[in-house]
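Biologist: I would like to learn how to read this structure feature by feature. Please give the general idea each time and then the case at hand.

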Amino acid sequence: MRLSSALSTKIRSCLSANSRILLWIPALIFLLSTFFFPLSKILALTFNFSTLTDLDNLLIARNSLLFTFYQAILSTLLTFVLGLPSAVLFSKFNFPGKSLLRALTAVPFMLPTVVVAAAFNSLLGERGLLATTFDLRLSTFDLQPSIFNFLLILAAHTFYNTSIVIRIVGNAISRLDPKLEASARSLGADTFHVWKDVIFPILRPSLLAAALLVFMFDFTSFGVILLLGGSQFATLEVEIYIRALQLPNLNLAALLSVIQLMFTLIFSILYSRTINQVQTQTAPRFSTARPPKTIQEKLFVTTLCLLLSAFFLLPLLSLPIRSLTRLEADRGQRDQVQYGFTADYYEELFINRRGSLFYVPPVQAALNSLGFAVITVILSLALGYPAAYALAKPTRLEKILDPFLMLPLGASAVMMGLGFILSFGRLIASPFFIPIAHTLIALPFVIRTLQPALASIPERLRQVASTLGASPFRVWQTVDLPILSRATLSAATFAFTVSLGEFGATLLITRPEYPTIPIAISRFLSQPGGLNYGQAMAMATVLMLLTTLSILLIEKLRFNNAGEL
Amino acid sequence: MLELRNVVKSYEGKPLLTDISFTVAEGETVCLLGASGSGKSTILRMIAGLDFPERGAILLNNLDLAGTPPHLRDFGLVFQDYGLFPHLNVFDNIAFGLRMKSIKHKGHEVHKGEIDRRVYELLEQVNLVGFDSRKVTDLSGGEQQRVALARALAPSPRLLMFDEPLGALDRSLKEDLLNEIRGILHKTKIPAIYVTHDQEEAFTIADRILVLHEGTIIRDAAPSEIWRDPQFAAVAKLLGIGNIIEAEMILENKVKTVFGTFNLNCVKNAGEKLQLLIQQPPSLSGERRGGEVIEQIQLTVEDILFKQDQFQVKARGAVLSESKGGLVIHMKEAPKVGDVITVQVQVKCLS
């Protein structure tokens with residue numbers, strides 16, 4: 001009797017282990033076919049004799065690696081120049097509008113690269129607001145266009161990543177116990193030694209973690225560099241794109257991808273190590289932020305607030321303004337400059353002109369984008385839900401499998417696009433590969449959003465509910481559903497936003513018949529003429545609004561810290 | 001000798017300390033007692049040089065400290081939540097002050113061997129031998145406070161300041177550590193200011209108790225003296241001395257209370273309200289001052305609590321049965337609830 005019950009327990013546990021594997025299968029098969037198989041193609045192409053012995057290839061790889069490092073280091077430095085004082089501002093001082101300003105600095109982080117590129121272009125570009133209304137052009141500053149574009153790239157990177165420094169370093173500063181400084185001073189440390197021996201060593205892990213994360217984002221930046229700089233700024237990413245499509249040399253593209261992946265993985269490992277050190281520090285007891293008191297403090301707070309507002313607001317405002325303004329002569333009427341508000345650029349989006357960039361009216365791009373985004377949401381939820389469910393209470397095997405699910409995070413979008421080209425050849429002419437690529441990018445985020453919610457549903461709550469007389473369905477309805485629906489909606493919005501703004505992978509695998517919004521924007525931007533430029537602005541404005549709405553939705557639905565990676 | 005002379009300080013526009021004057025002599029331990037928010041910690045911060053008085057002066061051996069930055073004052077600080085450097089281990093925390101001293105006095109550097117010797121000496125003094133390479137974040141609260149104590153002692157400060165050092169610890173640990181601090185202070189003869197709101201701590205450790213109330217020091221005396229004669233209702237309340245009752249002056253020499261009318265001259269006008277202190281008289285009654293009297297009162301027993309070798313009895317006045325508020329007295333024999341008992345009490349005027 002006892003033996004048979006033990007046996008049946010064993011059988012049951014075997015069965016459940018087998019059925020648990022079923023939870024993994026969809027995500028695993030998807031990743032094997034869309035990530036690991038393409039990755040193997042890239043690796044095979046890289047590690048062959050002809051790729052590694054081609055001196056020209058190695059030289060180009062070396063140069064683009066050096067340039068990638070160069071621009072990433074400069075961008076990181078510039079980000080810290082703005083980010084460190086801002087971290088001090090937000091952690092040490094209270095002032096009116098603080099939370100609003102803080103939210104403003106965090107907005108760019110979720111914006112698609114094409115929107116940020118278009119926003120900077122609308123403000124500072126050749127046809128931008130400053131150039132057309134105040135005649136502030138390159139010639140005014142006597143700057144080479146290439147140097148000007150490079151500065152634009154650095155500014156856009158700073159725009160993107162300042163919030164990382166504010167968050168990581170600012171949190172560390174506000175966690176600093178003021179008693180540490182008091183202790184150090186009373187023990188004989190002057191200001192220099194207080195900083196050198198106490199404050200800096202305690203902040204060091206946070207500074208390092210922020211620097212690594214910012215550097216990693218700058219290192220893998222693609223859309224901003226291509227759209228603001230053009231292909232003369234050959235970072236690894238841009239070079240992969242060029243060698244995959246414009247000057248085909250797939251061996252070189254593969255080699256560059258592998259170099260890129262290697263460095264990203266190294267930085268990720270370093271980052272996760274340092275961020276662990278940050279988290280072991282003592283938790284905050286109380287906020288030490290206070291209103292500025294001395295004249296220097298007031299000056300610091302006021303100046304920085306103005307600077308931050310200008311830096312973050314101007315590009316975001318100038319984009320919609322520029323999309324509604326006519327500031328230059330129509331074609332063929334050079335002398336008759338017409339100023340004023342216009343909805344032309346928006347109207348033009350619905351017209352299919354002969355000789356237009358596409359075979360379809362531009363608004364079709366928006367419809368395509370929405371369609372792809374919906375498919376991405378469905379796919380990534382269908383794949384992510386079972387995997388997140390298994391990960392909520394993982395077995396040992398599943399803990400090992402977890403990093404594999406997250407590995408696509410380390411690969412750049414351009415690299416994924418390249419992998420698709422290498423693996424599926426002509427098949428990618430089918431529009432279905434676009435949402436598949438988007439799902440690949442969104443899946444880790446979706447799993448990381450769902451997993452904590454699924455893990456957080458307390459068993460005790462279910463037990464209490466059933467002892468209070470709730471039927472199993474009622475238990476599910478009152479306990480599970482509210483938590484899950486929030487997390488699901490949040491994950492879905494995340495996938496939707498990622499798909500809507502995705503640029504790198506889409507650019508490599510898209511066909512002219514199926515443009516998405518970001519692709520259309522980039523094409524409009526690369527074409528001459530005020531009308532094309534205006535349409536780029538109009539589409540970018542639409543995309544910005546859609547994304548902002550999604551961000552607000554995610555923020556509202558955010559489940560604890562779910563989705564933070 | 002440390003001296004505070006008419007120190008004034010406000011907090012966010014409101015006066016916090018209106019007039020603070022006191023001294024701390026060589027080898028003396030002074031307890032600064034006050035309710036939370038009364039400005040005790042601010043006094044310590046000003047002495048340490050981390051905050052500045054708006055008026056008045058802080059002097060050490062008759063030299064004004066106003067121009068001396070905190071790191072040149074040689075004063076040790078011990079906080080309630082320790083303030084240990086989380087990035088340094090136990091050894092390096094204790095050695096911090098010694099290393100800073102070495103940097104300050106070029107030419108008279110403290111040698112590494114000497115730092116080691118001093119740190120191990122202190123580890124022994126605070127009973128933490130073998131803890132030198134431990135992370136401070138892994139220590140218990142009591143151990144962390146020992147490290148903080150050793151760290152403050154290491155550079156042989158001219159003055160030690162304790163800001164509610166035992167507030168975060170549980171009772172038994174508190175007593176142990178309090179006795180250790182007392183022992184160390186006696187041995188090293190370092191003058192100390194000990195801030196607390198716990199009367200037990202204050203009575204255990206202080207040579208002298210200062211009571212801070214509404215911005216000034218209202219009482220400055222030895223513990224036994226304060227216990228015998230708290231003088232102020234605020235002092236008696238803070239230190240948990242006796243019972244405080246409401247009273248009214250009815251004639252020049254008579255006060256009326258719910259326990260009866262006493263012949264007592266409290267330097268108040270007739271009709272004025274005041275507070276009285278009711279204590280059980282000490283077995284050996286010392287000399288009596290004006291403004292204090294021994295009386296017999298009748299009480300109705302309401303509750304009895306067994307306390308070690310005696311009974312703590314809660315009772316209310318038997319004369320006016322509807323009277324508000326009772327007294328707590330101690331008795332050798334337990335009465336019954338509802339008994340009317342007659343007790344001898346000492347009644348003092350409070351201001």
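Biologist: How many residues of chain B are in contact with chain A, and how many of chain A with chain B?

Modeller: One general point comes before the case. The size of an interface is often given as the accessible area lost when the parts come together. Here the count is by residue, and the model is a predicted one. On the chain B side 21 residues are in contact, and they meet 17 residues of chain A.

Biologist: Which elements give two or more residues to the side of chain B that touches chain A?

Modeller: They are strand S6 (75-79) and helix H2 (90-104) of chain B. The largest share, 6 residues, comes from H2(B). Sorted by class, this side of chain B has 12 nonpolar, 5 polar and 4 charged residues.

Biologist: H2(B) also packs within its own chain. At what angle do H2(B) and H3(B) cross?

Modeller: The angle is roughly 125°, and the axes of H2(B) and helix H3 (residues 112-125) of chain B come within 10 Å. An angle over 145 degrees would count as roughly antiparallel, and 65 to 115 as roughly perpendicular. H2(B) and H3(B) are therefore oblique to each other. Their crossing is right-handed.

Biologist: Which residues meet there?

Modeller: From H2(B) come B:Phe91, B:Ile94, B:Ala95, B:Leu98 and B:Arg99, and from H3(B) come B:Ile115, B:Arg118, B:Val119 and B:Leu122. The class count for this contact is 7 nonpolar, no polar and 2 charged residues.

Biologist: Now chain A. What does its secondary structure come to?

Modeller: Chain A has 24 helices and 2 strands. Its length is 565 residues, of which 44% count as buried. Among contacts in chain A with a separation of 6 or more, 81% are between residues 24 or more positions apart.

Biologist: Let me take one helix pair from chain A. How far apart are the axes of H18(A) and H19(A)?

Modeller: The axes of helix H18 (residues 413-424) and helix H19 (residues 433-456) of chain A are 11 Å apart, and the packing angle is about 135°. H18(A) passes H19(A) in a right-handed crossing. On H18(A) the contact is made by A:Ala413, A:Met416, A:Gly417, A:Phe420 and A:Phe424, and on H19(A) by A:Phe433, A:Ala437, A:Leu440 and A:Ile441. This contact has 8 nonpolar, 1 polar and no charged residues.

Biologist: Next, strands. Why is S3(B) described as largely enclosed by the rest of the structure?

Modeller: A residue counts as buried if 20 or more other C-beta atoms lie within 10 Å of its own. In strand S3 (residues 29-34) of chain B, 6 of the 6 residues are buried, so S3(B) is largely enclosed by the rest of the structure. B:Thr29, B:Cys31 and B:Leu33 point one way, B:Val30, B:Leu32 and B:Gly34 point the other way, and all are buried.

Biologist: Where can I look for antiparallel pairing with S4(B)?

Modeller: Strand S1 (residues 2-11) and strand S4 (residues 55-60) of chain B pair in the antiparallel sense over 5 bridges. There, B:Glu3 has B:Leu59 as its bridge partner. S4(B) is also joined by 2 bridges to strand S5 (residues 63-64) of chain B, running antiparallel. In S5(B), B:Asp64 is the partner of B:Leu59. S4(B) and S5(B) form a hairpin with 2 residues between them, and B:Asn61 in the turn has a positive phi of about 50°.

Biologist: What is the order of the open sheet of 8 strands?

Modeller: The order is S13-S12-S11-S14-S18-S15-S16-S17 (chain B), with antiparallel pairing. Strand S13 (260-263) and strand S17 (327-331) are the edge strands, each pairing on one side only. From one strand to the next the twist averages 50°. Within this chain, strand S11 (residues 243-251) and strand S12 (residues 254-257) pair in the antiparallel sense over 3 bridges, and B:Leu251 has B:Lys254 in S12(B) as its bridge partner.

Note on methods:
Residues numbered from 1 in each chain as written. Chains lettered and ligands numbered in written order. Predicted model: local features only at pLDDT ≥ 70, side-chain atom pairs only at ≥ 80, totals over all residues. Contact = placed C-beta atoms within 7 Å. Helix = DSSP H or I, 4+ residues; strand = E, 2+ residues; numbered from the N terminus. Nonpolar A, V, L, I, M, F, W, Y, C, P; charged D, E, K, R; others polar. Axes fitted to C-alpha atoms, helices over the stretch in contact; angles between N-to-C directions. Left-handed = near helix turned anticlockwise from the far one by under 90°. Buried ≥ 20, exposed ≤ 12 C-beta atoms within 10 Å, placed from the backbone. Parallel < 35°, antiparallel > 145°, perpendicular 65-115°, else oblique. Pairing = 2+ DSSP bridges.
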